[in-house]
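Please look over the model below before reading on. The notes after it take two regions in turn.

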Amino acid sequence: MPALVLFGRRWLCAGDDLVIPALQLSIFHLTWTVVLSVWLGEARRVIDCPEKRYYEATVSSLLGTCAISTILEPVIAYISSRGAMFETRKRSGLTHVVYADLCMSALRVVATIYGTITLYKHSNECLKYPSGSSFSLVSSYEAALWCMWIMIGSLAAFSLLAFNFFPNYKDPEVWKKQFVYISYWFCCISGTRDEVDGAFRRLGEFVGDLLGHTDLTVTDVLVIFYLGRMRQRMFLHDDIVVKGDDDEDSTQMNDAESGRFVLKAKSSRRLERIGSRASLDIDNEGLVEQSSVQEAAYYMKYAFAAYGWMLYVWAKPGTGLVKLCCSGLIPNMLRAKHGLPINFRKSPYLNRQAIMLVSELEPPDILFVRLEGENKDVLPYFIGLDHKERKLIISIRGSMSFDDVVRDLKYDPVDVDDWVCAYDTPPDLEEMHRDDTGFTGHRGIVEAAQATMKDIKSTGVLRKHLLDPDAPHREYGVVVCGHSLGAGCAFFVGLHLRSIFPNLRCFAFSPPGGLVSIDLASSCKDWCISTVCGKEVIPRLTLGTLERLRDDLVLLGMSSKMSKIQILISMMTRYMWSDPDLFYSEENLPEEQQEWLHAYEESIHAPSNVRNILKRARSFAPPGKIMYFKPTGKVRKHRRLRGKLSREYVCTWSNPASLIDKGIIVSGRMMKDHMPDYSYALLQKLGGLSLRKRKSVYIADEVVSSVIEDVQTSH
């Protein structure tokens, strides 16, 4: 940090990234300095060999450049290791040494080319088996040339990877061009070239406004995230005084509401700014009733089933594919005229069979299945009849394709008043709508929900089974559910359908946090339940929390005392530094870091049209009432899996505003807790607590597949 500037261009690596590459090159050049010195010593014994001078000239040139590089590269490593990420003045002389080493590399290229020509142009018979030599000078000469060419190729590849095609990180147009360039790598995205370019150009504009305020490289981001994780651990755990005895097989980590320990009453301005708001302790509105947990666990199977065969096999790596093939694929292949389907991802046989196995619906009860890519902008979904609960189920799949990723990234706000009030306004929104609050939602998800809702209507399933005078299931209710992106789409579909089906229920499992205006999200708690599992990032991810995380992490980097190489070593060794070792206090922040901080604050507060467009997206939140699977902080060794840990969870009610206020938790479980198979297994275990008279469960990552297997077997 900042990016290294060579030949007037910003590169994709920083000055403090060169420690390890420089040391590796130094070892390589030192080795060949010794080898080439030995070669020259052996060559001097050879007499009566006129061609020897050509070979000696090559080896002498390589020896000289390697020897000089052996001196320069440790100097590069030393200068690169000086100072923290934002203490660039301590590395001010780095570029001069790098230029000198690059000159040596250029001379080596010339010498290697000359040596290669010499090898094939001039006779070398007198050097093949010199008398008194213990090895062939020609073979060793050829090996040296090959090694030099390999090293030259490696350096060329590194230079190509480090070359920055879009060096101006502050220019919005550069971000747009960069994202258009990135779009060419995603060949699976649907739409015309102009549509894809337009979507990615808009994404580039938004991302540039979010990230174009300070000069960061990839390694800077990785190190800052690691610092953020350590900082949040310190805030959550370092100031905890444990009271009472724990179980022998468990370890207490964090449970602020349990009364087993108390936070020390000490704070500082820096603590308040860096990671202090990110917390697992969102507002607790009481334990969730067991009947509500069992209801959510029951409908989670439909959200899980919507992912089709790919996630089914992922969740059951041992038996999933065998069950699908034996129960559905092979019999259908035998009956099919065209044999094995070519596109496995869209295979109707595998997907339909996976839906039946997970949802436990009979084939006639699966009324309709929409596969990916069949209709533009329509998310995959299925409609089924649950005769046990007397419900018609609409289950929508979450993100599994590049198209879904693009939808997720289109986070600018779009008005949804017309969408909400396409029919008669539901009773609980009448007063709010009369006040014209201007409801807004996540553009990408709203567009997907509109296309999906239109497609659902076009199938005629709702009219045939629920709305026609002679419909066979008019007394059935409607449940809309989904996971992740599918949960967000399910909410908007449910919001639209409630004018027709007032008793509609929506189960949004791990929905996107930046989904809808917080006033609309809070008003839907009577009919919509959203689940949040542990530290998962997606329900906490809004533009506001992302900007807060960005500011916190940049401030962490600016207040860091240690060099990047020291932090990387601690990452590999898992050494936990204390707070004073890692960070400057705000009062003691060095002058250079203060200058960086001042420039950053000026940039983020500068007028911006994009920021005005995104203003309403900062107050987005997940919908409905929050069912929060809270980690208590207890872990214990798994009884059957040696060396594996199980985590304890309790289920509490909360609200969208509290979840968003606590922000994003930087953790290795940010995505693990979001996976649908983990949520499914956890819900199934929580749903069975009434049998054991307990209020919490333990679950390990490694037993998720077995829990799902047990659920399917028990049913």
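This is a predicted model: local features need pLDDT of at least 70, side-chain atom pairs count only at pLDDT 80 or more; totals for chains, interfaces and linings use all residues.

1. Residues are numbered from 1 along each chain as its sequence is written, and side-chain values use heavy atoms, with hydrogens and water left out.

2. Helix α6 spans residues 172-183 (helices are DSSP runs of H or I with at least four residues, strands are runs of E with at least two, both numbered from the N terminus). From first C-alpha to last, α6 reaches 17 Å, close to the expected 16 Å (1.5 Å times one less than the number of residues). At its start, a side-chain oxygen of Asp 171 comes to within 3.1 Å of the backbone nitrogen of Glu 173.

3. Val 174, Trp 175, Lys 176, Phe 179, Val 180 and Ser 183 of α6 are buried (under 20% relative accessible area, 1.4 Å probe, protein chains only). The buried residues of α6 pack against α7 (193-211) (contact means heavy atoms within 4.5 Å).

4. Strand β11 (residues 477-483) is largely enclosed by the rest of the structure, because seven of its seven residues are buried. Gly 477, Val 479, Cys 481 and His 483 lie on one side, and Val 478, Val 480 and Gly 482 on the other.

5. β11 runs parallel to β8 (residues 391-396), joined by six bridges (strands pair if DSSP finds at least two bridges between them). Ile 394 stands opposite Val 480.

6. Five bridges join β11 to β12 (residues 505-509), also in parallel. His 483 has Phe 509 of β12 as its bridge partner.

Terms used
Buried means under 20% relative accessible area, exposed over 50%, partly exposed in between (1.4 Å probe, protein chains only). A polar contact is a pair of N or O atoms within 3.5 Å; within protein, one must be able to donate a hydrogen and the other to accept it, and residues adjacent in sequence count only if both atoms are side-chain atoms.
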